[in-house]
Amino acid sequence: MKKLKAVEKGCLHLTSVSIDKIQVRVTINTVIRNGSNCETMASEGFGTFYDNRETAVCTFKESSGSGEMKTIVKIEPNQVTIQRNGALNMRQQLVAGRKTEGIYLTPYGRMALETKTKTIQFAWDKGKRIGKLQVVYDLWMQRNYTGCYNVTIQMEGVES
C-alpha cells in the first residue's frame, strides 16, 4: 500500500508504508451487566489482522445461533468501528468518552443503537503476534437500555 506525502511546492510523491498482515485466531468474550443481571457470551473465529501503525483492522468469520457472519473491527486511537454482515447485520462506532449511534438490521426491520463508550484499550505485540482489544460501553436499542457491555477481543497469530 502506498501513502501520499506532501513535499515542496505542493507536489505529492508516493512513499511506501509497511503493513503487517497475518492470519489470526480471534476469541471474543462479552460480559453484559444490567442491574443485578449478568450474561456472558463467547465466540471464536479465524481471520486476518492488518496493522499500519495508525490503524489496525481485524477481519474474521464467526458463527452464531443464527448462522455465519463476517466481522470487521477497525481500531484507531480512541475509536473502534465494528461491522458485521451475514446472519447478523450491524454497524457500531465506539468513541472513547462519547455517545454514538449505530444500526442493527434484523429480519423484522432496522433497530437504532446508541452507545456511550467508557473505555477503549488496545495492545498489539508484533513480536509475539498477539493482541487484545477491550471496549466497555453502555448500549441502548430503540432507546431502551440493554446494559453495560465489556467486550474483549483477543487475536493470536496462526500459521497460514
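Modeller: Strands here are DSSP runs of E with at least two residues, numbered from the N terminus. The model is predicted.

Biologist: How many strands are there in the protein chain, and how many helices?

Modeller: From the N terminus on, the elements run β-β-β-β-β-β-β-β-β-β-β-β. The protein chain has twelve strands and zero helices.

Biologist: What percentage of the residues of the protein chain count as buried?

Modeller: Buried means under 20% relative accessible area. The protein chain has 160 residues, and the share of them that counts as buried is 34%.

Biologist: How many bridges join strand β6 to strand β7?

Modeller: Strand β6 covers residues 67–76 and strand β7 covers residues 79–86. One of the pairings sets I72 against Q83 in β7. The two strands run antiparallel, and the number of bridges joining them is eight.

Biologist: Which residue takes a positive phi in the hairpin of β6 and β7?

Modeller: This hairpin has two residues between the strands. A positive phi near 60 degrees is found there at N78.

Biologist: Over which residues does pLDDT stay under 50?

Modeller: For the protein chain, the mean pLDDT is 86, and 86% of the residues reach 70 or more. Where pLDDT is low, predicted coordinates should not be read in detail. That caution applies to a stretch for which the model has 21 contacts beyond four places in sequence, and where pLDDT stays under 50: residues 1–16.

Conventions:
Residues numbered from 1 in each chain as written. Predicted model: local features only at pLDDT ≥ 70, side-chain atom pairs only at ≥ 80, totals over all residues. Heavy atoms only, no water. Helix = DSSP H or I, 4+ residues; strand = E, 2+ residues; numbered from the N terminus. Buried < 20%, exposed > 50% of the residue type's maximum accessible area, 1.4 Å probe, protein only. Pairing = 2+ DSSP bridges. pLDDT = per-residue confidence, 0-100. Contact = heavy atoms within 4.5 Å.
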